[in-house]
Amino acid sequence: MSIGYVSFGWIGENRSIKVILKDGLWHTEHHIDGKPDGEKIALKTHYLTIQFSDKTFNQNFIEGFKKLNIEKDHEILAMCMGGVRSQAAAELLTKEGYNCVNISDGFLGNSENAGWKNSGFPCK
């Protein structure tokens, strides 16, 4: 099973998506830059950290994700601020049998693409 890399133009074309998983590395990211409000476009949004602010990996990431009770047939979009941490999350979830893709743009975008916020998707 491979991990997909998608940009935000793809979201509007694929309505089978049911869940957004947003990695909130530091709470200050959400307070300063905002966070996605997927519910406004019928996407359930969960916030789960894969890497802590001291750069250590969240050893309980998979356990925490399983507690969210997300069905394995749901399409899951993994997102962080720039698309790197969410790639690790997408890979781990795919290994667990979930249908997960990384949003390579991230929330704020990167050198190639605008990202969730700058593409006009709803934010909190």
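Is K67 buried or exposed? In this predicted model, K67 has a relative accessibility of 60% and therefore counts as exposed, since that value is over the 50% cut-off. The side chain of K67 meets that of E63 in a salt bridge, with 3.6 Å from N to O, and E63, at 44% relative accessibility, counts as partly exposed.

**Salt bridges**

Side chains of opposite charge can pair when their charged atoms come close. The count for this structure comes to four salt bridges, including those in the table.

| Salt bridge | N to O distance |
|---|---|
| K44 and E39 | 4.0 Å |
| K67 and E63 | 3.6 Å |
| E96 and K66 | 3.1 Å |

The salt bridge between E96 and K66 ties together parts that are 30 residues apart in sequence, because E96 lies in the loop between helix 3 and strand 5 whereas K66 lies in helix 2. E96 counts as partly exposed at 28% relative accessibility, and K66 is likewise partly exposed, with a relative accessible area of 40%. In the salt bridge of K44 with E39, K44 is partly exposed at 44% relative accessibility, and E39 is partly exposed at 37%.

**Aromatic rings and the charges over them**

Two aromatic pairs are present in the structure. In the pair of F65 and Y98, the ring centres are 4.8 Å apart and the planes stand at 85°, so the arrangement is edge-to-face. Because F65 belongs to helix 2 while Y98 sits in the loop between helix 3 (85-95) and strand 5 (99-103), this pair ties together parts that are 33 residues apart in sequence. F65 is buried, with a relative accessible area of 1%, and Y98 is buried as well, with a relative accessible area of 6%. The ring of Y98 also has the charged end of K72 sitting over it, 5.1 Å from the ring centre, and the charged end of K35 sits over the ring of Y47, 4.8 Å from the centre of that ring.

N102, which lies in strand 5, is buried, with a relative accessible area of 1%. Its side chain is joined to that of S86 by a polar contact of 2.4 Å, and the side chain of N102 makes a further polar contact, of 3.1 Å, with the side chain of Q87. D54, by contrast, counts as exposed at 53% relative accessibility; D54 is placed in the loop between strand 3 (44-47) and helix 2 (61-66), where a polar contact of 2.6 Å joins the side chains of D54 and T56.

Note on methods. Residues are numbered from 1 along each chain as its sequence is written. This is a predicted model: local features need pLDDT of at least 70, side-chain atom pairs count only at pLDDT 80 or more; totals for chains, interfaces and linings use all residues. Side-chain values use heavy atoms; hydrogens and water are left out. Helices (H or I, at least four residues) and strands (E, at least two) are DSSP runs, numbered from the N terminus. Buried means under 20% relative accessible area, exposed over 50%, partly exposed in between (1.4 Å probe, protein chains only). A polar contact is a pair of N or O atoms within 3.5 Å; within protein, one must be able to donate a hydrogen and the other to accept it, and residues adjacent in sequence count only if both atoms are side-chain atoms. Rings of Phe, Tyr and Trp (its six-membered ring) pair if their centres lie within 6.5 Å; planes under 30 degrees apart count as stacked, over 60 as edge-to-face and the rest as tilted. A charge sits over a ring if NZ of Lys or CZ of Arg is within 6 Å of the ring centre and within 35 degrees of the ring normal.
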